Every structure is written in C-alpha cells, then in structure tokens.
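Hi everyone, thanks for making time. I'd like to walk you through two interfaces today, so let me put the structure on the screen.

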Amino acid sequence: MLEIRWHSRAGQGAVTGAKGLADVISTTGKHVQAFAFYGSAKRGAAMTAYNRVDDQVIMNHEKYMKPDYVFVIDPALVMTTDVTINHKDTTKYIITTHMSTDDLVKAQPKLEGKEVYTVDCIGIANETIGRPIPNTPMLGAFMKVSGMYDIEFFKESMKRILGKLPQKIIDANMIAIQRAYDEVK
Amino acid sequence: MVFDKMELREVEVWDGNFAAAQALRQAQVDVVSAYPITPSTPIVEGYAKFKADNYVEGEFVMVESEHAAMSGCIGAAAAGGRVATATSSQGLALMSETLYQASGMRLPIVLNMVNRALAAPLNVNGDHSDMYMVRDSGWIQFDAFNPQEVYDLNLIAFRVSEDHSVRTPAIVNQDGFMTSHTAQGVRPLTDDEAYGFVGAYKPMNDMLDFEHPVTHGVQTEEDWHFEHKARQHNDMMTYVVPKIEETFEAFEKLTGRKYNRVEKYDMEDADVAVVCMGTSVETAREVAKEMREKGIKAGVVGIRVLRPFPFAEISETLKGVKAVAALDRSAPGGAAGMLFNEIAGSLINADTKVILSGYIYGLGGRDLTKAHLVDLFNELQANADAGKILTKQQQFIGVRGPKLAYL
Amino acid sequence: MANTGWDGFEIGAMLRSFDGAVDDIAGTAQEDRKYSPNNSFTASVADWRLEKPIFNKDFCIDCQFCWIYCPDISIISRDKKMLGIDMDHCKGCGICAEVCPTNPKSLIMYPEFADEETEIAQWPSKSEEK
Amino acid sequence: MSEMKKIKNLKEFSTSADRFEGANLLCPGCAHSIIVREVLNATNDDLILGASTGCLEVCTAVYPYTSWDASWIHIGFENSSTAVAGAEAMYKALKTKGRLKQPDRNPKFVAFGGDGASYDIGFQWISGCMERNHNMMYVVLDNEVYANTGGQRSSSTPIGSSATTSPAGSVSYGEKQNKKDMMGIMAAHHIPYAAQVAPNKWKDMVKKIQTGMNTEGATFINAVSPCTTEWKFDPKDTMKLADLSTDSLVFPLYEIINGRELNITYRPKNVVPVEEYLAAQGRFKHLFKDEYKYLIKEWQERVDANWAYLNRREEARV
C-alpha cells in the first residue's frame, strides 16, 4: 500500500491532483483511492488530500494514515502547519518552495533528518500555465522522486485527463510537469 | 434531438457522487427535480452537465428548496416517468414530509442520499443521522459502502422501485465525503447494458394518460388510513424483498457482482462480529482480516438493505457468533442505537446466546480508525471469552474527554 | 367499498374517475360517461338538504344563471336549456333561487318535505318589487 | 397551442360538460366550487390538476371518492404548485422523448390553493414556480381565512375581520394587519400574466382563464371566494357577497401583463360603499359598534386609495 498526503490550500488543485494521479495509476491495473478533508472553509484555507495505491482492492476508509509521501504544494504551509504529522521513518517529502532544500530544513527544523525534496511548483505554474496552480508540477516532481512511471507515459496519461481543457492549457501543463520533473532536488 | 452516448473505460476513477450521476444518465432519468446541498450536490450538477452536453434527454428542474425538490419529483413521478434526485442532512430534514407522501402514494423515485450529520452544531461531514431520520418513511433503503456500489445500487434501485409489484420509492445511501468525494476505481456498464438492465420506464396510474384520469393523494380518516398503511407495509414485507433478491441475481448475472441484503464477510466461523453500514464495513473487513492473523475469529456484517429490514437474515447470520457489536453512526438521542435495537429485535426470539453490545461512533465525520476497530474486536473477544458482557451495553468511541458508556 | 380490507384496493389509494378508457370528457355529457364507482358523481348528498329548490319551467328563460352559479353541478342544462335539478347532488344552498332573474322566480326554495306538484300548482305570481 | 374554446355568452357556456363533480363535501353555497367550475369549463383541453391541502382538497378527494374528472394530485399544504410543475416537467420530458401516450393533446396544468396555502405556507413554492416560468396556472381560492381548519387568520385576512386567532373582543377589533398584496408580489416575478377574478363576473373570469391558459409560461390567478361559513353569511347569498366585493372595489378586477401593463377589467356602474360589503358579513359585525366605526371609514379610504393606485398604474402603463 502506497499512501500519499497532500498539503494544500483550497483552490490550488490538490483534490484534482490527487484524483488525476489516481486516474493515471488506475490505468496500470492498480487499485486507487483519492479523497480529501473538506470543511466549510473557502478558497485559501489549508486543507489536506490523500491518495492510496495498492495491488489489492482498497478497503480501508480511515482518514488517518502514515504517509509514504507528503506533498506540500503551497510554500507557506510548511511553516504554518505540521506537515510531518503521523510520519514514519521512511516518509518522503516533496515541498513547494523557492528555497533550497538546506535552507528550507533550517527554516523548519521539524524536517531535519528527513528525506526532503524541493521544487518551486508555484513558480513553475506561474511561468508556464500563467496561474499559481501547483498540482500538475507536483506530480511531475513525484514521478522523478518515486520513479513510478516513465515521464512520457505520465504526460500522455495526464493529457487524457486534462482532455476537456483548451489545448494551450494542456500544453502548458505538460511543460510544467516536465520542468518540475527536471528541477526537483 | 438524439442524445449522445458516452464511451467509458473498463475502469473509471469516479467518486461516489459522479458514479451516481453516471447511473442517472445511463438510466435516462426523465425528470430530476433538485436543490443543492453538500455533499450531495455534485450528483445533480452531474446530471445538469450531462444534459448541457447532450448526454441525456430530460428535464432538470432546479427548485427553491429540498421540500420543493421532492414535491416536484412526486408530481413528475405521478405524471408517469423516471424520476431521481439527491440530498443530504438538513435538506433531507426539510424534504422529509414529502418522503412519506411519495411512499404512501406508491410513486417510484430514486433518491440519492449522501449521508451527513444533522445540526446543531452544523456539520457537512458524513454520519448516518439523516439515513436514520427517515428510516420509517416507507422508502426502500439501500446502502453503498464505496463508489462502485453507489453506481450499481442506483441501477438496481430504479429497477426495483419501478416494478409494478413494488411501486415504492428507494433511497441509495452513501457516506458523505468518505464515499461521495472519494475517487476509486469503478467498473461501469456500457450505456446500452446499463439502460438494458434498468429497462424502459413502464407507466402505471400515470396522470399524463388522458384516457384514464386518476386522482393521487386522497384524504382518508380513521375509516381508511390504517388499511392503506397496512397495505403499504404488507407490500414492503412481501413483494419488495423478493424483487430485491431477484434484481440482485440479475445484476450478478450481468456483472458478476453479487449483492445481498445482508453482506457477510468472514462470518462462516466467526466468534466475534461487528454489524455496521457505509464505508465502515470495508474498514472493518480489513481489520477483521488482521484480527484473524492474531487468532481472533472476527467477522463483519454489512447492512446492504436497511428497509425492508433483513430481520430473519440477521438472526440467521449471527446465530453461531458469541459476541457482536452494533455500530451506530448517529446520535442516539437518549436510546440505544438504531442498529442495536433492530439487531436485538432480530435476535430476541432466535435460538442464540450471542452477546450484543452497541457503539456510537463517527459523528460529524469523525474518523473510524483501524485502531478503534482493533480495540473493539478485542473487547468483543473478551466478552466472548467471559460469556457475558464486560462493558456497558452502549459505548462511545473516538470522542474526546472521559469515556462515555451507558445502559 | 365499505367492508373492503387492506388487500382490496389500488395501491397508493389511487382513484380512477371512470371505468375504462375515455376520450373527450369535455365533450361528453354526464349521462353518457362511464363513471367509476369511486367518482363522487355516483354518490349522493341529498340528505344534507334542509330546503330544496323547486323548478317551475313555465317562467324559465334559460338564462343559465342557476347553471353557472350552482356550486354542486346540480343544474341539469343541456343544449342551452334548463331541464331540472339533480337532486342527488343538490345541497340546498339556495343560490339558484337567489340568482334566478325571472318574475316570478322559476326556482324557489321549499322545505325538503314540500310536494313539488302542489307547490308548482300554487306558484307565486309576479311581484311588484322584484 | 390548441384552439380556444368559444364562449360568447352564458347560454353557450352552459353547454360545457363539467369536469368537476357533485356530491363533493364542500359546504352548501361554497364559492370554491363555482370558481373551479368556471376555470375548468373555460377550456376543452385535457387538464392536469393539483390542489393544496385545504377545503377544496379535503372535500373533493375523500377516499373512496374523487370529484375530479381529470387527473389530479394532492401532496401537501404548501406544494400543489410544485407538484403540478413536476408533472409539467415530465410532460415536457416525455414530449421531447416521444413517449406521450396521446401526443396530440395539449394539456393545461392548473394548481389550486387557498389563501393559507398560497399567501402563507406555500408562498415560496409558488414564487419558485412563477420564477422558473413553468407552463402552468396557479389559482388562489381566496376566502381570506384558514377555513378548512376552522377560521384562523391568514396573511390574506383583512384588517378588522374577526378570525379565531385574531378574534374581536371587548378590547380588540380583530385582525390588525392588512391583506397582503399577492397580485403585486406575483406580478413582480414578471410572469406573463396575473389576474384577479371573481366568480360573479364569470365572463371576465373565463376570458382571463383562457388568456392565462393560452399564454406560454406561468400565470397567476387570484379569485375571491366568499366563504359562507367564515365570512358568516347565509349560503344563498354567496353571489351577493361576490357582487358586493367587486362592486365596492374591495376586490377590484384587473390583470397585469408581464409584470408591467395593468388593465382594469371591470368598472362598476354604481360603486357600492364598503360599509355595505362589511355589513353583509358576520366577521365584521363588531366594526359597527361606535368605538370601531372609524375603522369603517379607514376601510373606505384604503379601498379608494387602492382603486386610485390601480387607475394610475393603468394609465401610466408601467
């Protein structure tokens, strides 16, 4: 069972990202789950989304998980919320920030000794898609860090999922995914 | 205008709401009369969008309240066509008057109920308070534990509800957010297969048959009311149950997916078991398997059909069990939980020594963790070993503060 | 219906207005309709009456005021002619007599027990202040 | 659109075959029944009818009898409008899908409700139906009181009326609030047609019903329905009371097209003083005591002012 927790602000596309990831993985015959914690809070409020992936049918519906990966797609959340909650020794972190990994760990001592990767998903999204929607770049970074799928296969799959969007936006997302894939450290 | 069919993949990743919307589309529902409420809204939004994109023909009436939503459904159903809507929680509370009218008038309607807590305090998350509130409203109630089942049970619900021997509206329950907003793999039927299974709507006593004017919604007093209610109950007990069984069988033939009014998991030799509904059934199944690895013969019973209540099946299922827990996801309001009571009723005259305890859990979307369930199974095993209940009969789990236990 | 048990009626307490199919009800006079036993047309409220209208067609001008203002569909009017009163459905409200414009009136309320022939025989004559 | 039924005069109208039946359980002399007959007989088209809980409903569909010769539905007190709207939606859906059993018919969809069901508890439902512009007619049988439950005040009950929940007494003249302007509110939905009617003015009523039924979209009719039981007058005087209500201008007859264009459709040759209207009813009997006579004067002033207002609106065409 692979478990992922997303830290995001409402409106940044974590739910869409989690569902998109689940959709891609599902096409490879694995079983998936994508869900989120919602409250009545509106755009801008901190929220979490989740993925589960397994070879077996997923029965577990508890929201509690010890994630294998933590995605943080908003740079401020690593400071304002505890992104390490319910962690395990092997938990990997992919964090959106303009800082270097070292500087980030210095700024947030809770990350010390953990496997932390950084990438500026917001910057990439702004420069490619033109809007600060960091969900698809995060998935590009995840492909690099996890080595889960070949990046070309992943991009092709995401093209299908983004299918209803204008071509220009789909193309920009592809560039964003590739850039995050290349730039994550 | 001819509507377009939709090409679906063998496995789609849908949340429970979208699965329901797809089922409504494939059933080619004629009228959806609805009012939005979290977490059920995406179901009717889905129908509206399918209509906007020419994937379904029908009327979508976005009314001004849930009460009007069901009023419109009743008028549309009486007129003679396929009708569906969706609601949750407070919306259901506002709508509840008309639920009794729909069932009393024997009008087939499918209501997707995305289970959510009832205020106060206001809460949008999943528990079963709304499901419990209308349990005696005369509607058939199905319960889905995941998005696949939401999809399947919607198709089943139309076929059962519209059958001329049944003509009783049906609710398809799913857990708010935990199912409604959780995307999982769903194996849909093709549009033709799905519509073929549900079947074309066959009108009965339809107002729009101008050659046979009908009066729906009469007044009765002491002189007639009891007979009409008795008939309604009799039909629920005698016609609806076999029709559900028959439809489950037909669905299995088509898809290989077998539904039962009572779902039994690892129950053949179970010493201890939990009875629950919604997503909890699946989480409990996983924990039961883990308990078995630790030597505790644990099983899980899921209530697939809450109404008509599977009275005999429950007592049969629990016959050899030593200790069983009823898990109620609804504030009991000064009583034992509904499932506790229904199960107690099913067992009281059965030849069994099973020890029954009740747990109140998960209110307002509070997580039911695997750890909770491990503790619970251990508690049941202790009861089984002792041959008597060692705790109070009713306990609250997963709530902050001093332990709550009663009865 | 009186002694029907719970298993003896249509589900949903649904009632049919007619036996069998009907085509053009708006174009079919009551006497030509196949009313179902559940149509209130087949029932009677005659026992509600304390007074009854007696119709004297000698003075009737077929104005149809009584037809249109009768709340109980009890004025039998066919081909623009007033034929009489449906005494099964008349509740004796007296509106017909009140709205009758002739002098003397063509409809007058009498006690329920009054004899029609006798009353018509001694029908009031034209009054001065109508 | 189907052909409109031709009704030149009362004799011609009287050839209508009623689709509402006797041996219903309404009070002797009830105006509801007269209004319903005038509405239903205004058309030869098929009808899909609904009624809210109230006198009309409990007296015409009492198991095992129905007094309706067209399909009819009742759900609850507040929702006859939406029940009929739902049926209308189904008609549209089945028409689109080619599934109507008799596709050549042109049914009219009509919902009835009393003033309690319409001005009060069902107000939101009616507003919704009007706003969504369902192709239906809503008819209020306005007897200004909850007659079915024994005479409680509604928001249609006029000032000075003695109702069981606003009774006149040694220190009270009864109802304190003025009648709600339902016509104004409904017209404010900018529905294609709204009209006020009275059963005594049958020709005016039939014309308006026909106009409404042949208008595409939601139409609203407010019909004054003198209530022998709660207004407290002799059953034989129902039409007299209807005459008094229209001829005193307490209940003026007019129509509003598209929420803007107001036409007064009846101008009494001899306007009757409001005092005569009030004096004919037991519910206003106490107003004739010396200490309340000022209320009769105020009544007249209010009716005059409203009449002047309607005339100004008619003239201004706004």
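In chain B, 29 residues of domain 1 are in contact with 28 residues of domain 2. Please keep in mind that this is a predicted model. The domain assignment puts domain 1 of chain B at 12–255 and domain 2 at 262–396, and their C-alpha centres are 28 Å apart.

How much area is buried between these two domains of chain B? About 2,200 Å², with 59% of that coming from carbon and sulfur atoms. On the domain 1 side, the residues losing the most area to domain 2 are B:Tyr132, B:Arg135 and B:Phe145, and together they make up 33% of what that side buries.

Now for the polar part. The rule finds two salt bridges across this domain interface in chain B. There is also a salt bridge to point at by name: the side chains of B:Arg304 and B:Glu149 meet at 2.7 Å, N to O. Counting polar contacts, we get 14 residue pairs across the interface of domain 1 and domain 2 of chain B, both partners at pLDDT 80 or more.

Which elements of chain B give two or more residues to the domain 1 side? They are α5 (129–133), β6 (140–143), α6 (147–162) and α8 (225–255). Of these, α8(B) gives the most, with five residues. By residue class, the domain 1 side that touches domain 2 of chain B divides into 15 nonpolar, eight polar and six charged.

Let's move on to chains C and D. Here 46 residues of chain C are in contact with 42 residues of chain D. Between them, the two chains bury about 3,700 Å², 60% of it on carbon and sulfur atoms. On the chain C side, C:Trp67, C:Tyr69 and C:Ile73 lose the most area to chain D, together 18% of what that side buries.

How many salt bridges does the rule find across the interface of chain C and chain D? Three. If you'd like a pair to zoom in on, the side chains of D:Arg105 and C:Asp23 form a salt bridge at 3.0 Å, N to O. Polar contacts across the interface of chain C and chain D come to 21 residue pairs, again both at pLDDT 80 or more.

The elements of chain C giving two or more residues to the side that touches chain D are β1 (15–16), α1 (65–69) and α2 (95–99). The largest share, four residues, comes from α1(C). That side of chain C divides into 26 nonpolar, 12 polar and eight charged residues.

Methods: Residues are numbered from 1 along each chain as its sequence is written. Chains are lettered from A and ligands numbered from 1 in the order in which they are written. This is a predicted model: local features need pLDDT of at least 70, side-chain atom pairs count only at pLDDT 80 or more; totals for chains, interfaces and linings use all residues. Side-chain values use heavy atoms; hydrogens and water are left out. Contact means heavy atoms within 4.5 Å. Buried area is the accessible area (1.4 Å probe) that two parts lose on being put together, summed over both. A salt bridge is a side-chain nitrogen of Lys or Arg within 4 Å of a carboxyl oxygen of Asp or Glu. A polar contact is a pair of N or O atoms within 3.5 Å; within protein, one must be able to donate a hydrogen and the other to accept it, and residues adjacent in sequence count only if both atoms are side-chain atoms. Ala, Val, Leu, Ile, Met, Phe, Trp, Tyr, Cys and Pro count as nonpolar, Asp, Glu, Lys and Arg as charged, and the others, Gly among them, as polar. Domain bounds come from an automatic or database domain assignment.
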